Amino acid sequence: MTSLKEICRGLPLNPLPENKGRRKGIPHAPVRTPNLTAREKKLALRNALRYFPPEIQKKLVLEFAEELRLYGHIYMYRFCPDIEMRAYPIGEYPCKTKSAAAIMLMIMNNLDPSVAQFPQELVTYGGNGQVFSNWAQFWLVMHYLSEMTEEQTLVMYSGHPLGLFPSHQHAPRLIITNGMVIPNYSSRDEYEKMFALGVTMYGQMTAGSYCYIGPQGIVHGTVLTVLNAGRRYLKAEDLSGKVFVTSGLGGMSGAQAKAAVIAGCVGIIAEVDEAALLKRHKQGWLMEISNNLDHCIARLREARKKKIALSLGYHGNVVDLWERLVHELDTTGELLVDLGSDQTSCHNPFNGGYYPVQLGFEEGKQLLSSNPGKFRTLVQESLKRHVAAINKLADKGMFFWDYGNAFLLEAQRAGADVAKKGADKTEFRYPSYVQHIMGDIFSLGFGPFRWVCTSGDPQDLATTDSIAMSVLEDSIRQGVSTSVKQQYHDNIRWIREAGRHSLVVGSQARILYSDQKGRVSIAVAINRAISEGKIKAPVVLSRDHHDVSGTDSPFRETSNIYDGSAFCADMAVQNFVGDSFRGATWVALHNGGGVGWGEVINGGFGLVLDGSKDAEERAKMMLSWDVSNGVARRCWSGNAFAYETICQAMKENGTLRVTLPHKVVDENILEQAVKH
């Protein structure tokens, strides 16, 4: 078994580790089909061999060629370390700085088999969200981090460590970019080739920025989404007896089962991969599993009638489930579902993110490898059936939303009936969850703030939970608007429920949705608790890229921006840059994430709280910008909630000045000008 000290020594070359290939008994990434020419295959091999001295290249080249042929990518399985991959307590990492040790901890958490979707392929979630492109990069990064001082910055190019460069103690210790491809070449087909060549990488959101905290993050987001969907669509605060149908239990989608129970409803979640179902059931996130639709419908009826919170995983294709619900409606007149969505990895539909209903899971995987063109055709036919069933149920009163996974976008491209008359190209027959549910929450400045206790001690997490609840309760007592008060109450409830529901998978982490004031106050309070010894080790602050300011995504995070700028990425880029010089320990900027490659620009950060006054000042400065940037942008686009929020922020901070929009009150002048 390899030790942390050995991991930090750099690539193991003398002797070379044994090549054990793909491990059995764990999930593996789908075979990729980059369709490389002979020249491009040579280039992929040459690029991979650059990490190794000439004397061992001949030994490695044939196995790398075999990986490329069998799997469509060179993962370098020989160098997959023989170590228990997990987030170790920060003091165990052999580093010169706490910042570097914190980054190591976060990297290893992203690759922990209990956290990662395809750990041996370095995929954390989403089917293709890479931490690194290959295992050589992992070894080099860990070595660089172990050597890093407070006067150096590690630069990462799409998984590749370019090197340690001189900087200064107030600069970020790590700068990450993933997938920064020239726009005209940022297509899926080009990506498959460039990833196979080892020159770019799809980091999803928090996979490639080393900030994933397991599915807890999306549990919280899904709880808030379902609760607010109930308020908006069903006019209900209590969701007991209400039925929520969706699909996906793999990476982030694995959170849906737990979220349904916490929200108090009946959740029926379809999943084609039995391994994903069993993993969530073993974790206690999924209550029951069945591959029998008759049984699923019977349990749905029973739980609905008795108003029992239930998470039931259907081992099968979600299209079959939706069509069975249509059959029940047609034969009994009974609409058995109230709320519906989808969390298949539809951002990557033709490479294993979505499996067609016409084939079983194993048949689908085989066809994907042997005939990707036929697989694509079946996926598009399946999407049309999928939407047709949803449409029939929605016509009778079910409420459906797109969960930002490109489901409606890909369904439209497949020819499914998702068009909305008179709408622009970011709108469909059904809203995205940002447009109808979460968009106004973002405009208030609320988003997925999170932290990781690097001691690994659950007691430290309990202490931070208590601190966060106290901060939010104090804010309510001091007086906040009705809309902000509701969000605070939802998040206080969340923290209480989180402890009860064993949500920690991997690192000792917590997430909650908070606004600028809440985030800064929680960060300051946690930092002071570290200084006072109430928390044993540093705490890493972060957030999902899916946040107020972090992501420009016209079919998700910015789908409720209607001034024509939804396809512009200034906000996410400015956020990345602004965080970097306001105190972040590391920053990341990505192409893709959520909706898919070429559809999104997004970024994130990590900030290490160590109890120092410097850390407190960094947190105040950086977190304020990290929220107010996006609120100001949403204000300028015309959102009333954002306008009120930014005006309040300017009252509280005399150095903040934001350009406010004037409303066009007379629409006739526009009409006359156009006619003229």
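What is the volume of the second largest pocket? In this predicted model, the second largest pocket has a volume of about 620 Å³, where a pocket is an open set of points on a 1 Å grid over the protein atoms alone, at which a 1.4 Å probe fits, with protein on both sides within 12 Å along at least five of seven lines. A volume is the space filled by probe spheres set on the points, which are joined across faces, edges and corners.

Because the model is predicted, local features need pLDDT of at least 70 and side-chain atom pairs count only at pLDDT 80 or more, while totals for chains, interfaces and linings use all residues. Residues are numbered from 1 along each chain as its sequence is written, and side-chain values use heavy atoms, with hydrogens and water left out.

**The second largest pocket**

- Two or more lining residues come from each of helix H18 (482-500), helix H19 (516-531), helix H21 (613-636) and helix H22 (640-652), and the largest share, seven residues, belongs to H22; helices (H or I, at least four residues) and strands (E, at least two) are DSSP runs numbered from the N terminus.
- By class, the lining has ten nonpolar, ten polar and four charged residues, with Ala, Val, Leu, Ile, Met, Phe, Trp, Tyr, Cys and Pro counted as nonpolar, Asp, Glu, Lys and Arg as charged, and the others, Gly among them, as polar.

**Helix packing**

- H21 and H22 have axes that come within 8 Å and cross at roughly 130°, the axes being lines fitted to C-alpha atoms over the stretch in contact, with angles that run from 0 to 180 degrees between N-to-C directions.
- H21 and H22 are therefore oblique to each other, given that angles under 35 degrees count as roughly parallel, over 145 as roughly antiparallel, 65 to 115 as roughly perpendicular and the rest as oblique.
- In the contact (heavy atoms within 4.5 Å), Ser628, Val631, Ala632, Arg634 and Cys635 of H21 meet Ala642, Tyr643, Thr645 and Ile646 of H22, and these residues divide into six nonpolar, two polar and one charged.
- Helix H17 (residues 458-478) packs against H18 at an angle of about 160°, with the axes 10 Å apart, and the two helices are therefore roughly antiparallel.
- The contact between them includes Asp465, Ala468 and Met469 of H17 and Lys485, Tyr488 and His489 of H18, and its residues divide into seven nonpolar, three polar and four charged.
- Helix H2 (38-49) and helix H6 (residues 188-197) pack at about 45° with their axes 8 Å apart, and are therefore oblique to each other.
- Glu40, Leu43, Ala44 and Asn47 of H2 make this contact with Lys193, Ala196 and Leu197 of H6.

**Backbone details**

- Most residues other than glycine have a negative phi, and most peptide bonds are trans.
- The peptide bond from Asn14 to Pro15 is cis, with omega near 0°, and Pro15 lies in the loop between helix H1 (4-7) and H2.
- Ser158, in the loop between strand E3 (152-157) and strand E4 (160-166), has a positive phi near 45°.

Note on methods:
On a 1 Å grid over the protein atoms alone, a cavity is a set of points where a 1.4 Å probe fits but cannot get out, and a pocket is an open set with protein on both sides within 12 Å along at least five of seven lines; lining residues have an atom within 4 Å of a point.
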